[in-house]
Amino acid sequence: QQLKLTGNVKTALIALQSGDTRLKRMDRGAFNGLRKRIGKDIGKLRALPSLDIPALNLQLDDLISEVETLPLAHQLRVMETKSEQITSTKDGVEWKRVLREIWGEFKLMVRIENTGSDAIPLLSPDQEFFLRENMKLRLLSARIALFSRDERSFKQELDTAQHWLKKYFDSKSEQSIRIQSMLSKLVASSIKINFPDISGSLQAARDYRQAHERAAGRSLSQKGAP
């Protein structure tokens, strides 16, 4: 169930190993066939490439929780402009103030050019709210794709989140740089794994139980016979 529903290989492996340990402690030759079948399925799971789905899910949770505090690009530009205005007001020499304003505008032009876009998008408060909510939805969609092993959708949603992070948020802040790094690592992760069929262990256990119940029934019948 863990393997089919969540792709949790670790839990499925622990379950099979626990069952094998219990059978081993009982030390009955009748369990040899069942233990052999369980051992085969344990080998299949151990041969799978390492993919920690719960850990990837936790990373997505962390990203979703940080969206609310991500600094927006246009907010940074407004703060820089106000800072320069305050500095120029303190300086009593008019020509220095004018030169400082010209230099400030020049720096802004260079910065905009380096972002690769014509201008930093200006967003109203309502637009900021919906931007953050849509960013969360992209990450939630990536989580759904993760659980369904849809690698194509998983990478598409994360690529879109990366694009929005670069376009609308302050890409030079420490928080944005860290989140961009996390997104890049997630995009590079391969979540497409062909899980093996381990139903053989369960079927072997059922077969043994049925055989045991039939044998017990025959024993009772023989005891009750005149």
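The side chains of glutamate 66 and arginine 178 meet in a salt bridge, with 2.6 Å from N to O. Glutamate 66 belongs to helix 4 and arginine 178 to helix 9 (residues 174-188), so this pair ties together parts that lie 112 residues apart in sequence. The model described here is predicted. The protein chain contains ten helices and zero strands.

**Overall composition**

- From the N terminus on, the elements of the protein chain run α-α-α-α-α-α-α-α-α-α.
- The protein chain has 226 residues, and buried residues make up 32% of them.
- Among contacts between residues at least 6 apart in sequence, 78% join residues at least 24 apart.

**Salt bridges between helices**

- The structure holds eight salt bridges, one of which is the pair of glutamate 66 and arginine 178.
- Within that pair, glutamate 66 has a relative accessible area of 15% and is therefore buried, because buried means under 20%.
- Another salt bridge is formed by the side chains of aspartate 61 and arginine 143, at 1.8 Å from N to O.
- This second pair also links distant parts of the chain: aspartate 61 is in helix 4 (residues 53-66) and arginine 143 is in helix 7 (residues 125-147), 82 residues apart.
- Aspartate 61 has a relative accessible area of 30% and is partly exposed.

- The side chains of lysine 136 and glutamate 133 meet in a salt bridge of 3.3 Å, N to O.
- Lysine 136 and glutamate 133 are three residues apart in helix 7, so about one helical turn separates them.
- Lysine 136 counts as buried at 17% relative accessibility, whereas glutamate 133 is partly exposed at 26%.
- A network of salt bridges links Arg37, Asp41 and Lys44.

**The largest nonpolar core**

- The largest nonpolar core has 42 residues.
- The residues with the most contacts inside this core are Leu45, Leu60, Leu63, Leu139, Phe154, Leu158 and Leu183.
- Two or more residues of the core come from each of helix 2 (9-26), helix 3 (32-46), helix 4, helix 7, helix 8 (151-168) and helix 9.
- Helix 7 gives the largest share of the core, six residues.
- Leucine 45, apart from its neighbours within four places in sequence, is in contact with Leu3, Val9, Ala12, Leu13, Leu16, Pro196 and Ile198.

- Helix 8 has 18 residues and spans 26 Å from its first C-alpha to its last, close to the 26 Å expected at 1.5 Å a residue.
- The buried residues of helix 8 are Glu151, Phe154, Glu157, Leu158, Ala161, Gln162, Trp164 and Leu165.
- Viewed down the axis of helix 8, these buried residues fall within an arc of 165°, so they line one face of the helix.
- The exposed residues Arg152 and Lys166 are carried on the face of helix 8 turned away from its buried side.
- Phe154 and Leu158, which are among the buried residues of helix 8, are also among the residues with the most contacts inside the largest nonpolar core.

Technical notes: Residues are numbered from 1 along each chain as its sequence is written. This is a predicted model: local features need pLDDT of at least 70, side-chain atom pairs count only at pLDDT 80 or more; totals for chains, interfaces and linings use all residues. Side-chain values use heavy atoms; hydrogens and water are left out. A salt bridge is a side-chain nitrogen of Lys or Arg within 4 Å of a carboxyl oxygen of Asp or Glu. Helices (H or I, at least four residues) and strands (E, at least two) are DSSP runs, numbered from the N terminus. Buried means under 20% relative accessible area, exposed over 50%, partly exposed in between (1.4 Å probe, protein chains only). A nonpolar core is a set of buried Ala, Val, Leu, Ile, Met, Phe, Trp, Tyr and Cys residues joined through side-chain atoms within 4.5 Å. Contact means heavy atoms within 4.5 Å. The expected span of a helix is 1.5 Å times one less than its number of residues. The arc is that of the directions from the helix axis to the C-beta atoms.
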